[in-house]
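My entries follow in the order in which I checked each point.

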Amino acid sequence: MGILKAALSETARIVEWLTWADKDYVSARPLLLADLLIQGAVLSNTAIEKYFKTICFMGKVTFPKACHDIPKLYEILVSRRIDLGLNQEYLGLLSKVYELRYPDNLDSGYNISLSQAKLITELDSTVFKIRKGFGFKGASGEKVGTYFDHLLELQNKILLDCNCSFGVAAREDIFKEKNSCYELRVLDNGTIMEAEYRTTGVKDDGVFDVVGLKPGK
């Protein structure tokens with residue numbers, strides 16, 4: 001009975017973390033689509049962090065407590081042969097955006113460049129790759145639905161709007177349409193320069209290591 005209780009407790013913790021991750025993911029999407037790129041990207045980081053930690057719990061992989069560094073968490077998973085084939089430049093960008101929670105702590109030279117089309121499509125693609133590895137069955141072998149499964153069954157608009165991974169949106173259309181961009185740079189004197197603009201025809205190249213407000217451009 002003690003072993004059964006432990007197993008049930010472990011499964012409950014995994015489902016709990018997965019639900020937290022799902023809710024952060026679904027919450028990040030409307031922020032990105034509403035041109036709140038920093039806020040959406042920060043929450044994207046939080047969602048992916050929780051997905052990675054859920055995988056760690058499932059695989060009994062040890063990770064540093066209070067670690068929000070998703071590239072580091074991904075390296076831990078890869079070192080345990082859990083390679084999800086994710087874009088590591090994207091993970092690095094989200095980790096960099098996470099620093100923007102406190103702009104007054106940014107070092108001079110810090111810069112960033114965000115594209116709405118890239119952020120929303122890569123978030124959906126990343127979660128799709130992560131989430132397809134999850135599945136839960138009951139004592140009789142029946143499939144146990146999760147919060148995320150429930151949203152899919154309801155064809156939840158927040159989840160499926162402009163989603164080319166879980167929904168029916170065309171990826172090429174998302175990159176062709178007008179989308180928001182944001183750039184920031186911290187000057188040597190501590191002054192923060194920002195630029196927000198809309199553009200069309202963003203290149204779908206999977207590149208996220210882009211210089212923000214590049215001097216002389």
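Which residue in β2 does L114 stand opposite? I looked this up in the model, which is a predicted one, and found that L114 faces Y182 in β2.

Entry on the strands. I noted that β1 covers residues 111-115 and that β2 covers residues 179-186. The two strands run antiparallel and are joined by 5 bridges. I then checked burial in β1 and found that 5 of its 5 residues are buried. Both faces of β1 are covered: I112 and L114 lie on one side, with N111, S113 and S115 on the other.

Entry on the core. I looked up the largest nonpolar core and found that it holds 60 residues. Those that touch the most other members are Y25, I48, F52, V97, I112 and L114. The element that gives the most to this core is helix α2, residues 37-59, with 12 residues.

Entry on Y25. I listed its contacts, leaving out residues up to four places away in sequence. Y25 touches A47, Y51, L123, D124, V127, F148, L159, N163 and F166.

Entry on helix α4. For this helix, residues 88-98, I recorded Y90, L91, L93, L94, S95, V97 and Y98 as buried. I then asked what covers these buried residues of α4. The cover includes α2, α3 (70-79), β1 and α5 (116-131). Finally, I examined the start of α4, where a side-chain oxygen of N87 comes to within 2.9 Å of the backbone nitrogen of E89.

Terms used:
Residues numbered from 1 in each chain as written. Predicted model: local features only at pLDDT ≥ 70, side-chain atom pairs only at ≥ 80, totals over all residues. Heavy atoms only, no water. Core = buried A, V, L, I, M, F, W, Y, C linked by side-chain atoms within 4.5 Å. Buried < 20%, exposed > 50% of the residue type's maximum accessible area, 1.4 Å probe, protein only. Helix = DSSP H or I, 4+ residues; strand = E, 2+ residues; numbered from the N terminus. Contact = heavy atoms within 4.5 Å. Pairing = 2+ DSSP bridges. Polar contact = N/O pair within 3.5 Å; in protein donor to acceptor, adjacent residues only side chain to side chain.
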